[in-house]
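Subject: Structure handover

Hello,

Here is the structure I promised to pass on. Please open it alongside this note, and my findings follow below.

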Amino acid sequence: MSGDIKRGTAEMTAAMLISGTIGWFVVMSGQPVSGVVFWRCLFGALTLLVICGALGLLRPGILTLRTFAIAVLGGIAIVVNWLLLFASYSHATISIATTVYNTQPFMLLVLGALFLGEKITAAKLFWLTLAFAGMMAIVQAKPGGSGDTFASYGLGILMALGAAFFYALAALAAKWLKGTPPHLIALIQVATGMLMLAPITDFSQPPADAGSWAILISIGVVHTGLMYVLLYGAIQRLPTHLTGALSFLYPIAAILVDRLAFGHALQPMQIAGAAIILFAAAGMNLGWTPRWLRPRALQG
């Protein structure tokens with residue numbers, strides 16, 4: 001294994017494990033979702049500003065007006081994605097919300113076909129159908145309790161799906177920004193979020209103690225600034241198939257954190273649905289083609 005592969009693997013693993021713990025930090029912050037996202041954007045922007053300055057990315061001429069506008073639109077999408085995902089945790093648990101959120105590759109598949117003219121192959125359609133079946137299994141795994149409990153569970157799933165959709169929109173914007181320094185895109189995104197959420201953030205009730213502030217600073221510095229640096233470093237060093245494979249550490253870590261920190265265990269039907277979704281996403285990301293869909297000449 002080459003040095004670049006080893007370093008990229010370590011960076012991608014660290015980025016995914018950091019991402020897998022963010023649900024715990026969001027819940028333990030005790031802040032409204034809009035407040036959590038605002039502070040994430042603020043502390044993330046400060047971190048990324050330093051990083052971009054150190055990399056020499058703040059000099060004039062790097063961005064055109066068009067690329068800046070697309071980055072801002074992508075920022076709006078990524079912030080709405082965070083709002084929906086964090087809000088879904090209290091309705092459908094971190095485990096279920098994160099698993100449902102991992103339908104984002106299929107959202108991007110459809111958007112790519114609509115706006116970029118990308119072809120949906122038979123194999124991709126198969127994985128999309130399989131992911132939908134997994135989603136139905138999770139929806140049918142009704143939690144115990146009253147009808148209001150199930151309504152809340154359903155709302156959490158819808159929020160996670162909405163988060164996946166807006167993430168896919170942000171990814172689509174990133175495709176149009178090919179060649180633009182990714183750390184600069186991230187800085188524009190979090191700065192956009194800070195401006196979006198400042199008018200609706202309640203500054204009259206800030207975090208009450210040092211522990212709460214430490215959690216919010218960690219979400220901004222570690223889960224945003226550091227995670228972006230690790231993720232983009234890994235993407236630059238690793239082949240696509242390895243990046244896709246390691247990305248599944250994120251939902252696995254989130255499920256383990258939810259179980260250990262909050263005691264949320266998945267029901268058998270939820271486990272089955274989650275496994276189907278993650279398997280379908282793996283097939284999609286890694287370019288697997290089921291044997292019966294391969295051309296005859298390639299079989300055997």
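**Pockets**

The second largest pocket has a volume of about 150 Å³. Bear in mind that this is a predicted model. The residues lining that pocket are Thr103, Phe106, Met107, Val110, Leu128, Ala131, Phe132, Met135 and Leu161. Two helices, α5 and α6 (122–140), each supply at least two of the lining residues. The biggest share comes from α6, with 4 residues. By class, the lining of the second largest pocket has 8 nonpolar residues, 1 polar and no charged.

Now the largest pocket. Its volume is about 1900 Å³. It is lined by 50 residues, and the closest to its centre are Gln104, Leu108, Tyr167, Ala171 and Ile235. Several elements give two or more residues to this lining: α1 (3–20), α4, α5 (104–115), α7 (147–176), α8 (182–197), α9 (210–237), α10 (240–246) and α12 (268–285). Which of them gives the most to the lining of the largest pocket? That is α9, with 7 residues. The lining of the largest pocket divides into 30 nonpolar, 14 polar and 6 charged residues.

**Cores**

The largest nonpolar core holds 60 residues. Within this core, Trp82, Phe86 and Tyr89 touch the most other members. Helix α4 (residues 65–101) gives the most to the core, with 13 residues. Take a look at Phe86. Setting aside its neighbours within four places in sequence, Phe86 is in contact with Ile22, Val26, Val33, Val36, Val37 and Arg40.

There is also a second, separate core of 10 residues. Its members include Leu109, Ala131, Phe248 and Ala280. Ala131 is also one of the residues that line the second largest pocket.

**Thr99**

Thr99 sits in helix α4. Is Thr99 buried or exposed? Its relative accessible area is 0%, so Thr99 counts as buried. Beyond its neighbours within four places in sequence, Thr99 is in contact with Ile138, Ile255, Ala274 and Ile277.

**Cysteines**

How many disulfides does the count come to? The count is 0. Cys41 is in no disulfide, and the nearest cysteine sulfur, that of Cys52, is 15 Å away. Cys41 is buried, because its relative accessibility is 0%. The picture from the other end: Cys52 is in no disulfide, and the nearest cysteine sulfur to it belongs to Cys41, 15 Å away. Cys52 is buried too, with a relative accessible area of 0%.

**Trp292**

Last, go to the segment after α12, where Trp292 is found. Is this tryptophan, Trp292, buried or exposed? It is exposed, because its relative accessible area is 61% and the cut-off for exposed is over 50%. Trp292 and Ala123 are 169 residues apart in sequence. In space, the C-alpha atoms of Trp292 and Ala123 are 9.7 Å apart.

Best wishes

Note on methods:
Residues are numbered from 1 along each chain as its sequence is written. This is a predicted model: local features need pLDDT of at least 70, side-chain atom pairs count only at pLDDT 80 or more; totals for chains, interfaces and linings use all residues. Side-chain values use heavy atoms; hydrogens and water are left out. A nonpolar core is a set of buried Ala, Val, Leu, Ile, Met, Phe, Trp, Tyr and Cys residues joined through side-chain atoms within 4.5 Å. Buried means under 20% relative accessible area, exposed over 50%, partly exposed in between (1.4 Å probe, protein chains only). Contact means heavy atoms within 4.5 Å. On a 1 Å grid over the protein atoms alone, a cavity is a set of points where a 1.4 Å probe fits but cannot get out, and a pocket is an open set with protein on both sides within 12 Å along at least five of seven lines; lining residues have an atom within 4 Å of a point. Grid points are joined across faces, edges and corners, and a volume is the space filled by probe spheres set on the points. Ala, Val, Leu, Ile, Met, Phe, Trp, Tyr, Cys and Pro count as nonpolar, Asp, Glu, Lys and Arg as charged, and the others, Gly among them, as polar. A disulfide is a pair of cysteine sulfur atoms within 2.5 Å.
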